[in-house]
Amino acid sequence: MENLIHEKADHIRDVIRYLKKFKDALVIIYLDDLLMDNPNFQNHIKDICLIHDSGLKVILVPGAAKRINEILKNASIPWTIHNNCRITGPEALPLIKMAAFDVSNQIMTALASEKKTAIIGNWVRARTKGIIDGFDYGTSGEIDKLQIDAIKTILDNDFIPIFPCIGWSSAGKPYNISSIELAQQIAIHLKADKLFYLTPDADINNRNYTIPETIGLAPDGTVPAMNVEEVDMFLRANEKDCVSRETNGRLPKLLDLAKAACKEGVSRIHIINGNIDGTIPCEIFSDFGSGTMIYTNDYGKIRDMNHEDIGDVLNLMNPFIQKGILLPRTKESMNSQFQNYIVYELDGSIKACAALIEYPDGKMEIAGVAVDKSCSSMGIGPKLIEFLVKRAKDRNASTVFLLTTQTSDWFENLGFIPADISILPEERRAKWTPARGSKVLIAGKI
């Protein structure tokens with residue numbers, strides 16, 4: 001019972017922490033129109049309204065591919081897809097406009113049912129894509145300029161802007177533009193805090209894809225997060241297969257857009273499965289939600305522990321102490337030892353820790369390794385160990401060792417090898433007891 005309450009309290013603390021962090025933050029949400037017939041559609045709308053009520057600013061960019069397909073098919077107007085662009089003749093454009101605004105109106109109506117005011121606008125200046133490598137893109141356009149001041153005014157008045165997938169030239173000529181690209185460009189130009197791509201069946205997991213070993217997996221086999229370098233690794237590993245998978249073959253395009261957005265200052269892009277109820281608030285108000293987050297390398301950071309971290313680090317260690325994985329620590333003992341520790345900080349919360357203890361004979365010990373279970377699939381633990389081994393090497397350590405009772409396999413996978421207790425410094429060997437029977441491992445390479 002106590003553990004259950006502790007877990008619930010931790011979840012509530014996370015929500016409060018993220019509410020504080022993202023108050024007045026700007027969130028761009030691409031909403032695939034395939035979800036409009038989904039049983040969870042109205043729940044997604046309610047969740048969008050809830051995060052808006054929580055103090056976040058929201059912009060919606062609905063996809064309209066499904067509705068456009070229906071209208072063009074009914075009118076017997078052909079089209080093709082080339083490089084993720086719809087290719088049509090000029091006779092299709094009035095119907096494409098009608099479909100795009102029809103979808104936007106449906107979303108505005110759904111928001112109105114939740115007492116939210118939305119505005120559909122023509123804030124996108126566009127130009128023709130023209131002819132590229134000899135191919136004529138017809139009525140497809142690309143974004144030339146966004147009316148930033150007008151959009152900010154609408155947001156400041158607590159309205160929710162809705163962007164149809166239509167842009168206009170300076171002469172008033174309409175063009176069909178990509179909704180997923182539009183969402184990315186809005187996020188970049190308005191310096192959004194988050195960009196969401198909400199699509200059906202958007203799971204990135206080890207059942208459908210080849211996942212490189214260095215990319216962490218959640219217990220269910222999904223990829224909770226990738227940094228921009230890991231995105232490149234993933235795309236290389238799945239170059240032949242991922243175009244035929246979920247999101248109608250758009251996953252490579254979504255990942256490329258996410259990478260580019262990261263490099264332009266959007267720190268977090270989320271690809272989430274719209275078939276799952278509650279996926280939006282879970283992705284915003286918890287460390288790792290139900291989708292895949294693409295992020296820049298400064299999202300989480302390793303830093304030296306300071307005195308103010310002692311309480312958080314002890315709370316982090318407590319579950320491992322209860323299981324006998326770690327020896328007990330107290331505030332008093334940590335007061336004299338915290339300088340030996342590093343921590344992994346994520347959104348202002350301590351999620352992992354580890355220590356490097358130096359001995360007079362040049363041997364160094366890695367100790368006190370703990371990773372919050374919510375982050376156990378993120379590869380944070382190996383990053384801490386790699387960091388400390390490098391620090392030990394920089395300090396000319398002769399040997400890096402550790403003692404463990406239950407996690408020897410994990411350390412051996414990181415390159416540590418078994419050793420005899422005789423290699424321990426005399427001071428440390430005096431503390432070893434047969435009753436605990438800790439195994440000694442040493443780093444294979446220093």
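In which strand is the place of A118? I began my notes with this residue, working from a model that is predicted, and I found A118 in strand β5, which covers residues 118-120.

**A118 and its surroundings**

I looked up the accessibility of A118 next, and its relative accessible area of 11% places it among the buried residues, because buried means under 20%. Leaving out the neighbours within four places in sequence, I listed M108, L111, I160 and I162 as the residues in contact with A118. I also checked A118 against R236, and noted that the two are 118 residues apart in sequence and 41 Å apart in space, taken from C-alpha to C-alpha.

**The chain as a whole**

I then stepped back to the whole chain, where I counted 14 helices and 23 strands. The C-alpha atoms fill a box of roughly 85 × 45 × 35 Å along the principal axes, and of the 446 residues 51% count as buried. For the accessible surface I noted about 21,100 Å², with 50% of this belonging to carbon and sulfur atoms. Among contacts with a separation of 6 or more, I recorded that 71% are between residues 24 or more positions apart.

**Nonpolar cores**

Which residues have the most contacts inside the largest nonpolar core? I found I28, I59, F234 and L255 in that position, within a core of 49 residues. Helix α8, residues 251-263, gives the most to this core, with seven residues. I also noted a second, separate core of 39 residues, which includes I51, L60, A92 and I280. Returning to F234, and setting aside its neighbours within four places in sequence, I listed its contacts as I204, Y209, T210, I211, P212, I215, M226, L251 and L255.

**Strand β15**

I looked at strand β15, residues 268-273, and found that six of its six residues are buried, so the strand is largely enclosed by the rest of the structure. R268, H270 and I272 point one way from β15, while I269, I271 and N273 point the other way, and all of them are buried. How many bridges pair β13 with β15, and is the sense parallel or antiparallel? I recorded six bridges in the parallel sense between β15 and strand β13, residues 194-199, with Y197 standing opposite I271. With strand β16, residues 292-295, β15 pairs in the antiparallel sense over four bridges, and here H270 stands opposite M293.

**T279 in helix α9**

T279 has its place in helix α9, residues 279-284, and at 1% relative accessibility T279 counts as buried.

**Rings**

A search of the whole structure gave me eight aromatic pairs. One of them joins W410 and F411 edge-to-face, at 4.9 Å centre to centre and with 80° between the planes. Is W410 buried or partly exposed? I noted W410 as partly exposed, with a relative accessible area of 32%, whereas F411 counts as buried at 6%. Ring pairs link both of these residues and F416 into a cluster. My last entry on rings concerns K129, which lies over the face of Y137 at 5.4 Å from the ring centre.

Key:
Residues numbered from 1 in each chain as written. Predicted model: local features only at pLDDT ≥ 70, side-chain atom pairs only at ≥ 80, totals over all residues. Heavy atoms only, no water. Core = buried A, V, L, I, M, F, W, Y, C linked by side-chain atoms within 4.5 Å. Buried < 20%, exposed > 50% of the residue type's maximum accessible area, 1.4 Å probe, protein only. Helix = DSSP H or I, 4+ residues; strand = E, 2+ residues; numbered from the N terminus. Contact = heavy atoms within 4.5 Å. Pairing = 2+ DSSP bridges. Phe/Tyr/Trp six-rings, centres within 6.5 Å; stacked < 30°, edge-to-face > 60°. Lys NZ or Arg CZ within 6 Å of the ring centre and 35° of its normal. Areas by Shrake-Rupley, 256 points an atom, 1.4 Å probe, with all protein chains shown as cover.
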